[in-house]
Amino acid sequence: MSATTAAGGWSWNVVTDVHQLFAYPFMVNAFLAGTIVAVAAAVVGWFMVLRRQTFAGHTLALIGFPGAAGATLVGISAAAGYFGFAILGALVVAATRASGTAYRGFSEESAVVGTVQAFALAAGFLFVALYKGFLNGVNSLLFGTFLGITVGQVWALLLVAVVALIVLGLIGRPLLFASVDPDVAAARGVQVRLLGVLFLVLLGVAVAEASQITGSLLVFALLVMPAAAAQRFTPRPVAGLVLSVVIAVTVTWLGLVVAYYSPYPMGFYITTFAFAVYLASFVVRYLVDRHGSAPARALHARVGT
Amino acid sequence: MITFDRAAVQLGGRVLWSDVTLSVGSGEFVAVLGPNGVGKSTLVRAALGLVPLSAGSALVLGHPPGRSGRDIGYLPQRRSFETGLRVRGVDIVRLGLDGERFGIPLPRGRGGSRRTAAARVAEVLELVGATDYAERPVGQVSGGEQQRLLIAQALVRRPDLLILDEPLDSLDLPNQAAVAALIEQICTEQGVTVVIVAHDVNPILSYLDRVVYLGRGGAVSGPAEDVITSETLSRLYQVPIEVLRASDGRLVVVGQPEAPAHHSDRHTGRPRP
């Protein structure tokens, strides 16, 4: 029953298959968009996992949903809604944090953030209900789609991702310092709180980007799983960032290919492949730790810094 | 290196301490002592410029506090790193070298500067005896090992002044003795002035050039044997205090005023990630 959805099925002749895949402009756009989004999400996600801010990421993703639904309702692009609401949400989350203690960590604000999260989801539901005939769209807003990505959208994703990565490249080192060692960083003159706010905005941007491929609910497939797996594979910052990107891009490509040849949704495949890598990272870590430091060194040497 | 002149600090509208006058000379090993909650950490944070003075004045390395961050190594009072934190000890030390500079995290850098940085990190790791476990994730090494890594981080820029806030806290006794000896060695061999906040003077007693005993209405400083006496402390805290000397030379202070409750949450063991 599968393999008939697209023109011609999977033939095990990779050259033919790839050729066939890229014969469709929409697939080319999907690959371009998916790659851009995967890179941005993997890099920002690495810092998010390190900073223990996955809950904030989740919240921003859910805030993006009413943004996208509302934008569709008023007739502008869903992307604008994702970006607008996710960035606005980042500033709101930053404001609730700033009024709390100086320590990072989300335990104090979790009730506030959880409340906002639920309300955002409900508001999105309302917008969807108001927009009659939009029912198919709900699935793609929540669980992602690779259909109908335009060249214009690809360029928009690229532009935003490049800006976000340049900013992150500039603040990367003080951000790492502030993340692992906020007290000493502050004593050295690092603007710990300002960096925190800036990072939340970048997180909002990455979430909005990823949402356009994976949907609001499955952003973590690209935002958390590759980064968390990479950190289990290696404690080296640069190696971890590179590995995170490699994992995210690989699962995205695999997900797109398999989804193209199968009747089941792409969001499921990307998430499942990412989950598999995450599980593998546990197994590898267990084996490496059990067999002492020699294989660990070999692994590190192989991954490089 | 550090002078305070009739300095005071207010926290939340309440005067924490006032009329504190003290000085720390070059190359000295000085302990800041006092009961929990009296504001010892605030004293060193004021010296770092992280807390403003509400009265009086201070000079640190010849400048007002906060101007000479580069030349001060600071080890804040802290929790240990989370066990799940997968960043290597060597990276923590490296961040002490240039972590505040903008750029990508811990780059390979360009040739010479990178090798210089790596060599300096290796050197300071060797100095504190942390070479063997510096490649492991910092969350997975012991408390004493983390403390050595953090001392290495504070030392990596060759500071003139090292400010350590309760570096012996939460270490077991053998580790307290070992880390105290390490700090003494750094002080004498590297010529670094050391200011150490402690709530127990005994592990460092034999190394100290001078102690600063902090109270609400001022501070007393001088050699340990002059300051840690029943008369001096009773006068400082205006309650009867007895200082007893155990047969092994350890000092026991009986009757210190207890800490105000609001300032003691740092000892509840709440993990600070």
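The model is predicted, so local features need pLDDT of at least 70 and side-chain atom pairs count only at pLDDT 80 or more, while totals for chains, interfaces and linings use all residues. Residues are numbered from 1 along each chain as its sequence is written, chains are lettered from A in the order in which they are written, and side-chain values use heavy atoms, with hydrogens and water left out.

Start with the interface. Chain B brings 39 residues to the contact and chain A brings 33, contact meaning heavy atoms within 4.5 Å. Together the two chains bury about 3,300 Å², with 55% of it on carbon and sulfur atoms; buried area is the accessible area (1.4 Å probe) lost on putting two parts together, summed over both. Three salt bridges turn up across the interface, each a side-chain nitrogen of Lys or Arg within 4 Å of a carboxyl oxygen of Asp or Glu. B:Asp98 pairs up with A:Arg173 in a salt bridge, the closest N and O atoms sitting 2.9 Å apart.

On to chain A itself. Helix 2 (residues 25–50) and helix 9 (residues 192–214) of chain A pack at an angle of about 145°, their axes 9 Å apart. Helices here are DSSP runs (H or I, at least four residues), numbered from the N terminus, and axes are lines fitted to C-alpha atoms over the stretch in contact, with angles from 0 to 180 degrees between N-to-C directions. Among the residues that meet are A:Ala33 and A:Phe47 in helix 2 of chain A, and A:Phe199 and A:Glu209 in helix 9 of chain A.

Terms used
Helices (H or I, at least four residues) and strands (E, at least two) are DSSP runs, numbered from the N terminus.
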